[in-house]
Amino acid sequence: MKRVHWLLADPYGYSILIYVGTWNQYRAHMLRHYAVDMGDQVNYGGEQSNIGNDTIEFSAIWLPRWDSKPWSIGTLSHELNHACFRLFKRIGTKVREGKKNEPFCYLQGQLLKRALETLDERW
Ligand SMILES: [Zn+2]
């Protein structure tokens, strides 16, 4: 399967990279393409990081594996939530209880759907 997947968070112009592979593969990829050293592995289930400098800003999600099963989907959803919080912080939108959290939930649902489409080659 493809290791690198990109999602665009419409309409915010914010991109999310999903990398599937070992931490060392992910670390090498980020160093080679973005000159970012992700450091030593801290988490084992998955991780979300904000990548940014003067010219580029995006969210990077590392998944150790993808098998379309509940554990993978749960981890993906967890990391996408982090990415959505980051995006909403960036655009200055607060996430609150009640109707105010509808934009967050729509975005997270849309991204999860698209991530499943790109990660799971059956669709
Ligand atoms: Zn977390």
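Reply: A definition comes first: two strands pair if DSSP finds at least two bridges between them. The model under discussion is predicted.

Me: In which sense do strand 2 and strand 4 pair, parallel or antiparallel?

Reply: Strand 2 and strand 4 (residues 57-63) pair in the parallel sense, over 6 bridges. Here Tyr19 has Trp62 of strand 4 as its bridge partner.

Me: Why is strand 2 called largely enclosed?

Reply: A residue is buried if 20 or more other C-beta atoms lie within 10 Å of its own. In strand 2 (residues 14-20), 6 of the 7 residues are buried, so the strand is largely enclosed by the rest of the structure. In the protein as a whole, buried residues make up 25% of the 123 residues.

Me: Which residues touch the most other members of the largest nonpolar core?

Reply: They are Ile16, Ile18 and Ile61, in a core of 25 residues. Strand 1, strand 2, strand 4, helix 2 (70-90) and helix 3 (102-119) each give two or more residues to this core. Its largest share, 6 residues, comes from strand 2. Beyond its neighbours within four places in sequence, Ile61 is in contact with residues including Ile16, Leu17, Ile18 and Ala83.

Me: How do you know that the radius of gyration of the protein agrees with that of a compact globule?

Reply: For 123 residues, a compact globule would have a radius of gyration near 14 Å; the protein has 14 Å, and therefore the two agree. The C-alpha trace spans about 40 × 35 × 25 Å along its principal axes.

Me: What is the pattern of the protein along the sequence?

Reply: The pattern reads β-β-α-β-β-α-α, with 3 helices and 4 strands in total.

Me: What is the mean pLDDT of the protein, and which element has the lowest?

Reply: The mean pLDDT is 92, and 97% of the residues reach 70 or more.

Technical notes:
Residues are numbered from 1 along each chain as its sequence is written. This is a predicted model: local features need pLDDT of at least 70, side-chain atom pairs count only at pLDDT 80 or more; totals for chains, interfaces and linings use all residues. pLDDT is the predictor's confidence in each residue, from 0 to 100. The radius of gyration is taken over C-alpha atoms; the globule rule is 2.2 Å times the number of residues to the power 0.38. A residue is buried if 20 or more other C-beta atoms lie within 10 Å of its own, exposed if 12 or fewer, and partly exposed in between; C-beta atoms are placed from the backbone. A nonpolar core is a set of buried Ala, Val, Leu, Ile, Met, Phe, Trp, Tyr and Cys residues joined through C-beta atoms within 7 Å. Two residues are in contact if their C-beta atoms, placed from the backbone, lie within 7 Å.
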